[in-house]
2 protein chains.
Amino acid sequence: MKTATPFARSLCAVANSLEILGDKWSLLVVRDLLHGKRTYGELAHSPEGIPTNILADRLKRLESAGIVTSTPYQKRPVRYAYTLTPKGSALGEVLLAFVRWGKQHIPGTVALNRGPVGGDVAASAAKAHRRRAKRAG
Amino acid sequence: MKTATPFARSLCAVANSLEILGDKWSLLVVRDLLHGKRTYGELAHSPEGIPTNILADRLKRLESAGIVTSTPYQKRPVRYAYTLTPKGSALGEVLLAFVRWGKQHIPGTVALNRGPVGGDVAASAAKAHRRRAKRAG
DNA sequence: TTTGGTGACTTGCATTTTGCAAGTATCTAG
DNA sequence: CTAGATACTTGCAAAATGCAAGTCACCAAA
């Protein structure tokens, strides 16, 4: 929870953006959030297989950068749903630029479908519940 | 000089783009190249102060990714001018997306002027030459 | 009520990457 | 021959990464 120090390296918007997002995982987390994923588990199970400690760290960093907010959706144990702030959602344009570039210049790559997919978190949780019951019965 | 392994993590264009560009420095090098910088020294003297070993490493990686080409512009000692391939220039769109996002969401950041600035490398070299002469005289 | 399974994290630790400083090689000017 | 500059390279401490395992709370069947 350190306060953001502005102008870490220069005034350049690119440099400062990369100070926050310049690593292999942050933007993938944003991508998943943009696609409607909400819980830690959903984020952890993306095809790229982000290590769980990195995921926890990135969520913290993105939250302290004002890109992500976490709101508890249940108590005992407390569980958080992660969602993008407007600042975070605005990164959709950046992601889109990457998609366009990647599709055109990296052979075989593809755009994942955009837009939220799931319903609300409670519903998903209930579903998992039933899944458990079914498997057992 | 390892051969590129496609689909390192997934089919996702974003994931694969980040596999190449997902760090704090690569896109800054591309930015500078887009702004017309050509030589190692010019790149090394950006306001962000990239460590020179990182710069050397990034130039190698960007070259083996087909984003940058190096062509010798003098012999004895051989010196290289680094320029963007079409694949590299296409990253201008990505940079632009970062600039727009940064300007809107990171207070105090600014877009550096776009487009090439300098003349050809030989001219710059000659200029440096004269600069040296002047300082000495 | 013990045993097992799941979700959501956290911790340990070996490997890799970073970044600062210093070093090397080549050339020019004086 | 010395000083200064460009273009890198190397050494090494510190930080980040990634794999595996551990923890903690819950539920549910045996």
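**Exercise 1. Span of a helix**

Compare the span that 14 residues of helix 6 of chain B should have at 1.5 Å a residue with the separation of the end C-alpha atoms.

*Solution.* The expected span is 1.5 Å times one less than the number of residues. For the 14 residues of helix 6 of chain B this should come to 20 Å, and the end C-alpha atoms are 20 Å apart, which agrees. Helix 6 of chain A, with 14 residues, likewise reaches 20 Å from its first C-alpha to its last, close to the 20 Å expected.

The model is predicted: local features need pLDDT of at least 70 and side-chain atom pairs count only at pLDDT 80 or more, whereas totals for chains, interfaces and linings use all residues. Residues are numbered from 1 along each chain as its sequence is written, and chains are lettered from A and ligands numbered from 1 in the order in which they are written.

**Exercise 2. Elements of chain A**

State how many helices and strands chain A has, and in which order the elements run.

*Solution.* Elements are DSSP runs numbered from the N terminus: helices are H or I with at least four residues, and strands are E with at least two. On this basis chain A has 7 helices and 2 strands. From the N terminus on, the order is α-α-α-α-β-β-α-α-α.

Burial comes next. A residue is buried if 20 or more other C-beta atoms lie within 10 Å of its own, exposed if 12 or fewer do, and partly exposed in between, with C-beta atoms placed from the backbone. By this criterion, 32% of the 137 residues of chain A are buried.

**Exercise 3. The side of chain B that touches chain A**

Determine how many residues each chain gives to the contact, and which helix of chain B gives the most.

*Solution.* Two residues are in contact if their C-beta atoms, placed from the backbone, lie within 7 Å. The contact takes 43 residues from chain B and 43 residues from chain A. On the chain B side, helix 1 (13–21), helix 2 (26–34) and helix 6 (92–105) are the elements that give two or more residues. Helix 6 of chain B gives the most, with 12 residues.

For the classes, Ala, Val, Leu, Ile, Met, Phe, Trp, Tyr, Cys and Pro count as nonpolar, Asp, Glu, Lys and Arg as charged, and the others, Gly among them, as polar. The side of chain B that touches chain A then has 24 nonpolar, 9 polar and 10 charged residues.

**Exercise 4. Relation of the two copies**

Find the turn and the shift along the axis by which chain B can be laid on chain A.

*Solution.* Superposition is by least squares on the C-alpha atoms of residues with pLDDT of at least 70 in both copies. D23(B) is the residue of chain B that comes closest to the rotation axis, at 2.1 Å (C-alpha). The same surface serves both copies, as 100% of the contact residues of chain B recur in chain A.

**Exercise 5. Two single residues**

Decide whether L28(A) is buried or exposed, and list the contacts of K87(B) beyond four places in sequence.

*Solution.* L28(A) lies in helix 2 of chain A and counts as buried because 25 C-beta neighbours lie inside 10 Å. Beyond four places in sequence, L28(A) is in contact with S46(A), E48(A), I50(A), V14(B), A15(B) and L18(B).

K87(B), in helix 5 of chain B, has 16 C-beta neighbours inside 10 Å and therefore counts as partly exposed. Its contacts beyond four places in sequence are H105(A), G66(B) and I67(B).
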